[in-house]
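Thanks, everyone; I will walk through one chain this morning, and I would ask you to keep the structure open while I talk.

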Amino acid sequence: RKKKKDKMEGFFQQIDEAIRGENWEKGLEACAAVLGTDAEDVEARHARCYCLLQLGRWGEAAELAAALDLRREQAYALFRQGKAGAARVVLTGGAAGAASSSAADRRLLAQISYREGRFGEAQKLYADLLAEAGPEGREELLANLLAAHAREALEAGAGAPPGAAVMEEATNSASHDVLYNAATLRLGAGAHDEARTLLRAAQDRCRARAQEEGWSAEELRAEEAILLVQEGYIMQTAGEVGPEVAERYAAGTAVPGATVTHLVACNNLAALHGDHNLFDSLKKLERNAALLARGRNEADADPALEAVRKLTAPQRHAVDYNACLVLYKMGDKEKRARAEAAVAEMETAHPGSAYPTLFRAALLLQRGHVAPAADLLEAAAARDPSSTVARLALAQVRLEQRDPAAALDVLTRAPPAAAHA
């Protein structure tokens, strides 16, 4: 018995050493040795769950955490699998429940809320956590709070900005992630110059941190590419279309692997090219489509796909729609048929979007069917009075019909920002 006990103690020592040394595979082997003798050993099962989480083996971790009643660990594993709704239910005890008062639970719930598009809820959780936080971990909370505000501003076109104290802390931050999100937030408010100033400060802080922490050249290039692609986007949305914009996107396309930076850069380059370089644009966008398809495949465990899975529905829709436009502009019958089939799929996947209607209206106009195109856009504008896309397109059609009074009527029914633009 003493020999068996000594052997078990040796295995537990191996588990402890493996975890302290972050050798997760070795930790699993030691756990297996213990569980081979006692399959119900709780300590070894807990350690195994921890190692599985560290290795990103989310499915196995979620199953084991559920068996051990480790609610937070199960919710986290589900969240990392892209199952935010299921993670919420586990964490809160029900779809309408609330997480416990622990900071760890509330932080995870904030992440879940952000992924689900509940930006107001995420903002409240992050703001409370930030108010309670000391210097340790403050940067990450501040970056996440700004991200929740920025995403709401960009996607919903609304939302209350964070307080002045939060913005002051952000602009004085030593973190390039914080400054990046502050820049994105100001971009959502239409403050292009301020956004670009913040982003340039982020680039300076990024290089300084790389030097302080001894990053490799590849690590620095990958981080700088994120900032450069965003600067290109700020320039493009401000109306710049010159080679300087393309150069910034090129930094993103140079990043190897399945990264969101590469995907966004390719998408925005295609939009920048417009009717030029269609073959290059199609090649980039088809690569994006393949990447999105891989992201939808839960069995693909490539860690690089994790960020792809975080893309929101509007972001995915923009990538798909640009691909349709390029396909149609290519001009041959087969590619146009593919574009029209893809638009039909979009109408099902994104029933509230005006872009499929815009595409169909453009087809009608190309074939000389002006009145049906106008009717289609009028119906889209009636379905969603807040949509500027359908209204602006309809106003253009009315002008082509030589009816400026009708065009003016459409624009004055649009939100003031769109009419002013």
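This is a predicted model: local features need pLDDT of at least 70, side-chain atom pairs count only at pLDDT 80 or more; totals for chains, interfaces and linings use all residues.

Let me start with I112, which, once neighbours within four places in sequence are left aside, is in contact (heavy atoms within 4.5 Å) with F79, A84, A87, R88 and L91. Residues are numbered from 1 along each chain as its sequence is written, and side-chain values use heavy atoms, with hydrogens and water left out.

I112 also belongs to the largest nonpolar core, which has 53 residues and in which C49, I112, Y126, L142 and L146 touch the most other members. By nonpolar core I mean a set of buried Ala, Val, Leu, Ile, Met, Phe, Trp, Tyr and Cys residues joined through side-chain atoms within 4.5 Å, where buried is under 20% relative accessible area, exposed is over 50% and partly exposed is in between, with a 1.4 Å probe and protein chains only. Apart from this core lies another, of 16 residues, including L282 and A339.

As for the whole chain, buried residues make up 41% of its 421 residues. On confidence, pLDDT, the predictor's score for each residue from 0 to 100, averages 84 over the chain, and 92% of the residues score at least 70. Over residues 416-421, however, pLDDT stays under 50, and there the model has three contacts beyond four places in sequence.

Finally, P385 counts as partly exposed because its relative accessibility is 48%, and its C-alpha atom is separated by 8.2 Å from that of R413, 28 residues apart along the chain.
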